[in-house]
Amino acid sequence: MAIEQMTMPQLGESVTEGTISKWLVAPGDKVNKYDPIAEVMTDKVNAEVPSSFTGTITELVGEEGQTLQVGEIICKIETEGANPAEQKQEQPEASAAAETPAPAAENRAEEASQPNKKRYSPAVLRLAGEHGIDLDQVTGTGASGRITRKDIQRIIETGGVKERPEEPKTAAPAPLPKPEPKKEEISYPASIAGDKEIPVTGVRKAIASNMKRSKTEIPHAWTMMEVDVTNMVAYRNSIKDSFKKTEGFNLTFFAFFVKAVAQALKEFPQMNSMWAGDKIIQKKDINISIAVATEDSLFVPVIKNADEKTIKGIAREITDLAKKVRDGKLSADDMQGGTFTVNNTGSFGSVQSMGIINYPQAAILQVESIVKRPVVMDHGMIAVRDMVNLCLSLDHRVLDGLVCGRFLGRVKQILESIDEKTSVY
């Protein structure tokens, strides 16, 4: 028998933490490998986490509603009857400890007396920094003397914060200490009688965290282009009923926009890029993220390889992904791999907006409402046309106005060339 540790998995690229929304097991329950043990919520998806082992749940380390960093322990499982070779391959440290219990115990005792200074989790570092706790003075209770978030919370609750010992005085005059910058305190409004307080939990908390990260790290710039989609509107309206009767789902305007963006991304691959610190990664696949809203949440599922799909194929995926969101059946895979986001803000009447980029992508395109406006045509004639604004937010570390202007111009050209000769298949 051995005690194995389940850790918070990474449920999508750029995901660094997850919130345990619901435990599906309790201590003492027997589970098989791949059985779901918890529901975890991130800024990208709400998914079930499967067990990595067969055995008995001994401890639920994470609590419902608690947010843990990727790699932090969420529960412990006692395994039995596992294949020794397989166990050794999957958990080399556990197997080594089982074979040589005495040295392992000595190592743990030694590590406990000398706290691990290089393996602090981001949550531990953040809590310690906020409360002025010297981690060199803390003895960890985690594996190999590792300092856990519970260790820090226990110190905070008991008030047992240990300060770093003073440096010995020397004969040389010490320089005057520099005044420490005051920590910025955020002042939040207080509710009064009659106000309704809504706890920030689950998806809304994850959205807030991701949006703050995007606006803090990414230097946003913005541009807009007006497009005449009169012929596209007439064509779609002429075939929408027969299309619905034949295919069984709606042919929306949005499918035409997504297809045009995917085609333009293939011609301007710089737009399909991501900032990676010391380099820019230009993605090979064109995977379009689309924003789908519910009453209180926003999800961003992905249409994979959108450039290889027809307008009909994109319309089907939009329908299927929207239904999954409404039914709560969106999977982690549905949310992963997005390289560029298209947001249908026009669906609720917006005519101009500036979207926040879906981190770590380099741009997001807002498709606004199609509205009838008087337009000056050739030879000075005025006509009523179906017009739409395309609003592009861009990461100015990766992109500049030249490539974005050319990209938007190409999207405009594609959309304005759609007519009754265009095939949706």
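The legends below describe close-up views of side-chain contacts in a predicted model. Residues are numbered from 1 along each chain as its sequence is written, and side-chain values use heavy atoms, without hydrogens and water. Local features need pLDDT of at least 70 and side-chain atom pairs count only at pLDDT 80 or more, while totals for chains, interfaces and linings use all residues.

**View 1. Tyr235 and Phe256 form an edge-to-face aromatic pair.** The ring centres are 6.4 Å apart, with 80° between the planes. Rings of Phe, Tyr and Trp (its six-membered ring) pair if their centres lie within 6.5 Å; planes under 30 degrees apart count as stacked, over 60 as edge-to-face and the rest as tilted. Tyr235 lies in helix H7 (residues 230-247) and Phe256 in helix H8 (residues 253-267), 21 residues apart. Helices (H or I, at least four residues) and strands (E, at least two) are DSSP runs, numbered from the N terminus. Tyr235 counts as buried because its relative accessibility is 9%, and Phe256 is buried at 1%. Buried means under 20% relative accessible area, exposed over 50%, and partly exposed in between (1.4 Å probe, protein chains only).

**View 2. Phe243, Phe249 and Tyr425 form one aromatic cluster.** The whole structure has four aromatic pairs.

**View 3. Arg236 lies over the face of Phe253.** The distance to the ring centre is 4.3 Å. A charge sits over a ring if NZ of Lys or CZ of Arg is within 6 Å of the ring centre and within 35 degrees of the ring normal.

**View 4. Glu226 and Arg373 form a salt bridge.** Their closest N and O atoms are 2.3 Å apart. Glu226 belongs to strand E9 (residues 220-228) and Arg373 to strand E18 (residues 371-376), 147 residues apart. Glu226 is partly exposed at 39%, and Arg373 is partly exposed at 24%. A salt bridge is a side-chain nitrogen of Lys or Arg within 4 Å of a carboxyl oxygen of Asp or Glu; the structure holds 16 of them.

**View 5. Lys324 and Asp334 meet in a salt bridge.** The N to O distance is 3.2 Å. Lys324 is in helix H9 (residues 311-327) and Asp334 in helix H10 (residues 332-335), ten residues apart. Lys324 is partly exposed at 32%, whereas Asp334 is buried at 11%.

**View 6. Lys372 and Asp386 form a salt bridge.** The closest N and O atoms are 3.0 Å apart. Lys372 lies in strand E18 and Asp386 in strand E19 (residues 382-395), so the pair ties together parts 14 residues apart in sequence. Lys372 is exposed at 60%, whereas Asp386 is buried at 9%.
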